[in-house]
Amino acid sequence: MSAAAAIKGWLKPLPTLYKVSLADAVAYRGQALIWLLSTNTPLIMLLLWNAVAAEAPVGRWGQAEFRAYFLVTLIVRLLSGAWVAWEINMEVRDGSIAGRLLKPLHPFMAYAFENLASWPVRLVMTAPVVVTAAYLVGTEHVTHDWRQWLLFPLALFGGWLLQFCAMLAIGCLSFFWQSTLAIGELWFGLYVVFSGYIIPLELFPPWALAIVTKLPWAHILTTPVRLALGLDTFEQSLLQVGEQWAYIAVFLLLATWLWRKGVQRYEAFGG
Amino acid sequence: MRYVRLLANQAHVSFMLLLQYRADFALSLLLACFWTLSAIVPLLVLYSDRSSVAGWTWGEALVVVGWFNVLKGVQSIVIQPSMNLAAEQIRKGTLDFVLMKPADAQILVSSQRFDFRQLSDVIVGLVILVYALVTLGVVPTPLAVAETAVTLVCATVILYSIWVMVMSLAFVFVKVDNLTFLFQSIYDAARWPGSIFRGGLAIVFTFVLPLTLMTTTPSLAILGRLNAKELLLACGGAALFTLLSRVVWKACIARYTSAGG
């Protein structure tokens with residue numbers, strides 16, 4: 001088989017898979033809406049920091065800066081969520097992952113597409129937030145460098161992909177150990193503190209900042225957010241996005257390795 | 001008296017379950033510590049910049065975090081497991097078996113399961129509380145302790161009543177797992193002192209969804225800064241919410257038609 005035919009065969013199931021997943025996402029739009037409303041932490045943090053900044057700004061962060069920061073954070077958070085670790089854990093335990101192993105498509109691709117299929121629904125639901133944010137923030141507190149806007153989609157997609165690959169790796173641990181959900185929870189806890197979700201990382205003391213900005217969590221959320229707000233020079237942003245994709249490669253390799261090892265010892269339900 | 005014995009029995013069965021899964025308890029204690037530490041990080045950063053925010057110092061804000069954890073623990077031990085089970089029973093129609101028993105259905109439904117694994121939240125909360133009080137150099141007076149006890153009971157009652165109402169929605173919407181998730185995420189805001197929220201939100205968090213009454217009021221009480229008005233508000237709120245939840249429960253159970261209805 002020629003390389004072109006191989007790629008064609010590989011791409012063939014994708015449109016159908018996407019259609020099925022999209023239908024699934026639309027069918028459960030009510031759940032998605034409640035999930036959207038549940039993601040209110042950035043708004044609560046916005047109020048908290050707003051109250052703080054009302055008394056006196058924190059460094060260079062006044063009320064307007066906090067408002068821009070947390071609204072953009074909310075948008076990026078809504079678009080970069082991934083929960084595939086929970087899915088894999090459930091499927092390993094109830095044996096339904098065996099069905100995926102039979103299909104002529106790598107399960108990672110299937111998971112990725114199921115996850116991506118929820119994007120149109122998420123985009124529609126996020127739209128009001130985006131419009132409100134654009135109205136409140138205005139053009140003053142976002143980047144004016146067009147190169148950063150060009151880079152932003154890549155950073156946003158990278159944020160999702162990094163979270164997704166990490167979730168894949170954690171999910172694959174389910175082949176070896178039942179309580180991987182605790183690790184998933186731990187990952188999310190670290191994410192909350194070190195991604196800039198509840199506090200702009202810049203406000204950490206300098207020694208902590210130096211460490212935190214190099215950790216994976218910062219690259220899920222802070223990298224796209226800082227890019228959109230234009231808080232760094234283009235060269236700095238480029239470096240951050242580079243680090244982000246390096247992390248993606250690391251977690252993808254780790255997940256692939258764990259998956260191989262895991263499937264080898266997997267005996268399906270009742271094994 | 002009969003109901004006290006009933007509660008004790010139901011609790012005993014759940015406690016036996018905890019002793020069976022000791023490793024799980026250790027893990028949940030670890031996670032509770034971790035979650036609490038992660039919640040304190042913003043406070044640490046904040047109070048390294050200044051000594052007081054919205055009238056609350058570092059130690060005082062920690063008191064609120066302590067009570068938040070304790071109440072969160074109480075909620076997930078006493079209230080939530082039964083409520084989740086009840087919502088499931090309503091969906092499946094097995095609530096019939098509860099309704100047939102010769103005792104008040106609301107009490108039966110709300111006491112059918114306890115999850116003592118979540119004791120970890122209470123323990124971590126109390127540790128933070130003691131640490132905060134030591135930092136502040138505050139020794140609660142007997143009056144403050146009494147007021148704290150009263151306000152904590154009020155807080156638990158309000159929390160319970162809100163859960164009853166959320167669970168009652170299952171009679172109408174059938175599937176409410178997501179709604180409980182939503183409520184949890186809003187409850188998270190109770191971690192911060194109430195005076196941080198201004199304007200419309202302050203009113204909502206005091207009267208509509210009284211997060212302020214749940215954590216800020218007990219904190220003021222143990223610090224000995226509670227005034228009569230706030231105490232009265234807490235008691236009145238608890239009474240009102242109890243009444244409201246009873247009315248909602250009665251109305252919903254009246255329209256319950258079992259499975260396939």
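Which residues touch the most other members of the largest nonpolar core? That was my starting point, and I kept in mind that this is a predicted model.

**Entry 1: the core.** I looked up the largest nonpolar core and found 121 residues in it. The ones that touch the most other members are A:F164, A:C165, A:L168, B:I158 and B:L159. I then checked which element gives the largest share: helix α3 (residues 58-92) of chain B, with 17 residues. My course notes say that in soluble globular proteins, nonpolar side chains tend to be buried together.

**Entry 2: one residue up close.** I picked A:L168 and listed what it touches, skipping residues up to four places away in sequence. I got A:V84, A:F108, A:Y111 and A:A255.

**Entry 3: chain A as a whole.** Along its principal axes, the C-alpha trace of chain A spans about 60 × 40 × 35 Å. I also noted that 35% of the chain A residues count as buried. For contacts in chain A between residues at least 6 apart in sequence, 81% join residues at least 24 apart.

**Entry 4: where the chains meet.** Chain A puts 24 residues into the contact and chain B puts in 25. On the chain A side, the elements giving two or more residues are α3 (29-38), α4 (41-55) and α11 (180-194). I sorted the residues on that side of chain A: 17 are nonpolar, six polar and one charged.

Methods: Residues are numbered from 1 along each chain as its sequence is written. Chains are lettered from A and ligands numbered from 1 in the order in which they are written. This is a predicted model: local features need pLDDT of at least 70, side-chain atom pairs count only at pLDDT 80 or more; totals for chains, interfaces and linings use all residues. Two residues are in contact if their C-beta atoms, placed from the backbone, lie within 7 Å. Helices (H or I, at least four residues) and strands (E, at least two) are DSSP runs, numbered from the N terminus. Ala, Val, Leu, Ile, Met, Phe, Trp, Tyr, Cys and Pro count as nonpolar, Asp, Glu, Lys and Arg as charged, and the others, Gly among them, as polar. A nonpolar core is a set of buried Ala, Val, Leu, Ile, Met, Phe, Trp, Tyr and Cys residues joined through C-beta atoms within 7 Å. A residue is buried if 20 or more other C-beta atoms lie within 10 Å of its own, exposed if 12 or fewer, and partly exposed in between; C-beta atoms are placed from the backbone.
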